[in-house]
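Work through the exercises below with the sequence and the model open side by side. Each task is followed by a solution in steps.

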Amino acid sequence: MKSKFPLSEKYIDFINTVNVSAEFLEGTTASGKTTVGAGVKFMRMVSASPKKLHLIAAKTVGKAEETIIQQDNGILDLHNNAKYYGNGDKDYTLAHIKFEDKIIYILGYDKRDKWEMVLGAQFGCVYIDEVNTANIEFVREISTRNDYLLATLNPDDPSLPVYKEFINRSRPFKKYLKDIPNEILNELKEEPVPNWRYWFFSFADNLSLTPEMIEKKKASAPKGTKLFKNKIQGLRGRATGLVFSNFDYATHVVSKEKLQKDVKEGEVRFIMYSAGLDTAYSSKSSDTISMEFQGITDERKLIVLDERVYNNAELQTPIAPSDTAKNFVDFLERNRAEWGLARNVFVDSADQATMQELNKYKRQHPNVYIFNNAYKKLKIIDRINLQLGWLHTGHYLVSDSCKEHIRELENYAWKDDKDNEPEDANDHTINASQYGWIPYASKIGTEERRHESE
């Protein structure tokens, strides 16, 4: 193999890592993931594999040719003994690379009839380019048909199934934990698969980039946009159509540990607490039963302090309204001990079954809480506008322990076909939070905007 570019220590470690069955490379644009991943590590694994058949998958065969096979520092450039047959040959009708004594099929995953052609085979090594854009059925199928899987991706909408089912089940080496943004590190929480490795690469890992080249790339995307967040910062999040487009993890997420310390030292003073409950009992959807506990400070800041989320689709024994009543009171009691008392709490008014169970539970187990129907006369668009304003002025903050609320703030989106109407998804903790703050909206935000919520 010819090497025409310098390698960072991290890339050298990545190339030399053994005893792995899958590796996922995420990060910024122009970080070198494709060049080193496909051209070096993948080809090394192919060479070491005892199997004859291997696979490279990209959106289209043409895309694979352009970005993986034929470009500068592509596979053909780095490996003199690799020969590409774009139209197949007499022995193999599909596009393929002959390398040593191996065959590497080239496949497009954009059309089902194309990738279904190879599903009968077992492969030694599989490389998937931009796996976040691949057909998830293809990823599921091919993941069981290889000894080694290598996939690259630029950060995308973290609610995509590829994250939950694949990326977030891999784990990084401790040596490189510090290089991974906290937003991403917090999402690597699905049940891990042994020998699945996660790598995060940035501009700093591509030693062929000069400082001037890096600055030029950074300037190509406007700061504050999701394009900048995805491509330049390497952070996950939907690229378009976001409701809370001004939500920024670094600005609006606060450390629970530091917050507790600041409260103890008097740096942060809460004047009141509230809580909201939004319910959804379906066992066939991603809808959740969401509880949010929040406080309002003497500086007119709303801070979401704690959450508890249940999804019946993930539970062997589904939760009923009677279970929710007990769970909600337990949630409130835990937060009363940790933060303070939220006497008035607010429940989805569309769910009178849960409200009846809460009142029944209170009769059987007397407690100090007043269960109120959520006030819904404030239209959704008006709630959103208030929150956008509070985010802009720094008056809406979230504890880093509230991971589901953070995820929803980063993914709550507008409907494509309707103005001023959000999708009915990624909104259950958002609804619960709104139920909790709507009655106290006049106590939140700058004085200049106060009249808007009165």
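Two strands count as paired if DSSP finds at least two bridges between them. The model is a predicted one.

**Exercise 1. State how strands β1 and β7 are joined, and name the partner of Glu 26.**

Step 1. Locate the strands: β1 covers residues 22–27, and β7 covers residues 146–153.

Step 2. Count the bridges. Five of them join β1 to β7, and the cut-off for a pair is at least two.

Step 3. Read the direction: the two strands run parallel.

Step 4. Find the partner of Glu 26, which is Leu 153 in β7.

**Exercise 2. Describe the largest cavity: how much space does it hold, and which residues line it?**

Step 1. Searching the whole structure for cavities of 30 Å³ or more gives one.

Step 2. The space in the largest cavity is about 60 Å³.

Step 3. Its lining consists of Lys 10, Pro 172, Phe 173, Tyr 176, Asp 179, Ile 180, Tyr 198, Trp 199 and Phe 200.

Step 4. Sort the lining by residue class: seven are nonpolar, two are charged and none is polar.

Step 5. Assign the lining to elements. Strand β8 (residues 196–201) gives the largest share, three residues.

**Exercise 3. Decide whether Gln 122 is buried, partly exposed or exposed, and list its contacts.**

Step 1. Gln 122 sits in the loop between α5 (112–115) and β6.

Step 2. The relative accessibility of Gln 122 is 45%, so the residue counts as partly exposed. The class runs between the limits for buried, under 20%, and exposed, over 50%.

Step 3. Leaving out residues up to four places away in sequence, Gln 122 touches Lys 51, Leu 53, Thr 144, Arg 145 and Asn 146.

Step 4. Take Thr 144 from that list. The C-alpha atoms of Gln 122 and Thr 144 are 8.6 Å apart, while 22 residues separate the two along the chain.

**Exercise 4. Which strands pair with β10, and in what sense?**

Step 1. Strand β10 takes in residues 270–278, and eight of its nine residues are buried.

Step 2. With β11 (residues 289–297), β10 pairs in the antiparallel sense over eight bridges. Leu 277 stands opposite Met 291 in β11.

Step 3. With β13 (residues 344–347), the pairing of β10 is parallel and has three bridges. Here Gly 276 has Phe 346 as its bridge partner.

**Exercise 5. How many helices and strands does the chain have, and what percentage of its residues count as buried?**

Step 1. There are 17 helices and 15 strands in the chain.

Step 2. Of 454 residues, 51% count as buried.

How values were computed: Residues numbered from 1 in each chain as written. Predicted model: local features only at pLDDT ≥ 70, side-chain atom pairs only at ≥ 80, totals over all residues. Heavy atoms only, no water. 1 Å grid on protein atoms, 1.4 Å probe; cavity = no way out; pocket = protein on both sides within 12 Å on 5 of 7 lines; lining within 4 Å. Points joined across faces, edges and corners; volume = space filled by probe spheres on them. Helix = DSSP H or I, 4+ residues; strand = E, 2+ residues; numbered from the N terminus. Nonpolar A, V, L, I, M, F, W, Y, C, P; charged D, E, K, R; others polar. Buried < 20%, exposed > 50% of the residue type's maximum accessible area, 1.4 Å probe, protein only. Contact = heavy atoms within 4.5 Å.
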